[in-house]
Amino acid sequence: MGMFGKLLLTIWLMGGTAGSIYLLGRRFVEMGMRVVQLHNETCLEDPVLWPTWLMTLILVSCVLGLMGIVCKLKLFQWLFSILINLGVIYVIAIMVWRLLMFGWIRKPTSMSFEEVYKNNSPLDDEYKSRLIQAMASDNVWEDVNECLTEIQFCEEAKGPEKFFANDDWKIEEFYEYYREGCCKAPPRCAQKLISLKEVSETDDCMKWANATLKKPTHAKCYNCNSCKAARLATYQADQDKVRIYTLLAAVFMFVANMFVSMGGFD
């Protein structure tokens, strides 16, 4: 089984190298767009760095494994085995964190943003207080509001200062919730704005009306619950990506360990 295991391990490591490079490339492009195009990471940061470190760990272990097979260097083979086992521990830690943390920060609904944005559901009815406190509380939101205002998130600058072309919003799903919640008044507000006396001061429609009156050229409302829900929904959507990355990494490292046990380095 030694030669057969070595062949399978070589093919598997080559696939893991290519896959890691592709996923890492996507991650760096995503993060680069936010930093370069938006010039700020305060409000549009990438809160999920684990996949980046995980794919980097797999890439390094793949390269060491391939060098260990080709050059027959015991040191690289030993380092590969160590890194693969560290990766398994890392994946288990992420899975345990998700099981524990999401019980504290996430309610079992996939329509949280839509409920806040379209139906004016209170923020704490859709998101758990721990997540709101960490990402959308009053003391935190001052910095987020300042950041969104500074980068003119909902406004179209002209010439070399232009942040986005008309179709650039389609480049990344990351902007989807922000664009909807912070830059567009909910459809229900079109009817309520006709009779503002019947609208509560805490209603997003009233906030949107005030924002539009103060800045008629660019309708935006960074202090609306819909905008806060956009940040919370974006965080949860990014966290869901961790599940895909960890699943792929877990399968890869399990099979790699199996090939090593079959004599992949013999």
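Trainee: Which cysteine does a disulfide join to Cys221?

Mentor: As a general idea, a disulfide is a covalent bond between the sulfur atoms of two cysteines. Here the term is applied to a pair of cysteine sulfur atoms within 2.5 Å, and a disulfide joins Cys221 to Cys224, with an S to S distance of 1.9 Å. Please keep in mind that this is a predicted model, in which local features need pLDDT of at least 70, side-chain atom pairs count only at pLDDT 80 or more, and totals for chains, interfaces and linings use all residues. Residues are numbered from 1 along each chain as its sequence is written, and side-chain values use heavy atoms, with hydrogens and water left out.

Trainee: How many disulfides does this rule give?

Mentor: The count comes to 2 disulfides, including the one that joins Cys182 to Cys227, with S to S at 2.0 Å. Cys182 lies in helix 8 (residues 176-183) and Cys227 in helix 11 (residues 225-261), so the pair ties together parts that are 45 residues apart in sequence; helices here are DSSP runs of H or I, at least four residues, numbered from the N terminus.

Trainee: What is the torsion about the S-S bond of Cys182 and Cys227?

Mentor: That torsion is about 85°, so the disulfide is right-handed. For Cys221 and Cys224 the torsion is about 90°, so this disulfide is right-handed.

Trainee: Is Cys224 buried or exposed?

Mentor: Buried means under 20% relative accessible area, exposed over 50%, and partly exposed in between, with a 1.4 Å probe and protein chains only. Cys224 counts as buried at 0% relative accessibility, Cys221 counts as buried at 6%, and both Cys182 and Cys227 are buried.

Terms used:
Helices (H or I, at least four residues) and strands (E, at least two) are DSSP runs, numbered from the N terminus.
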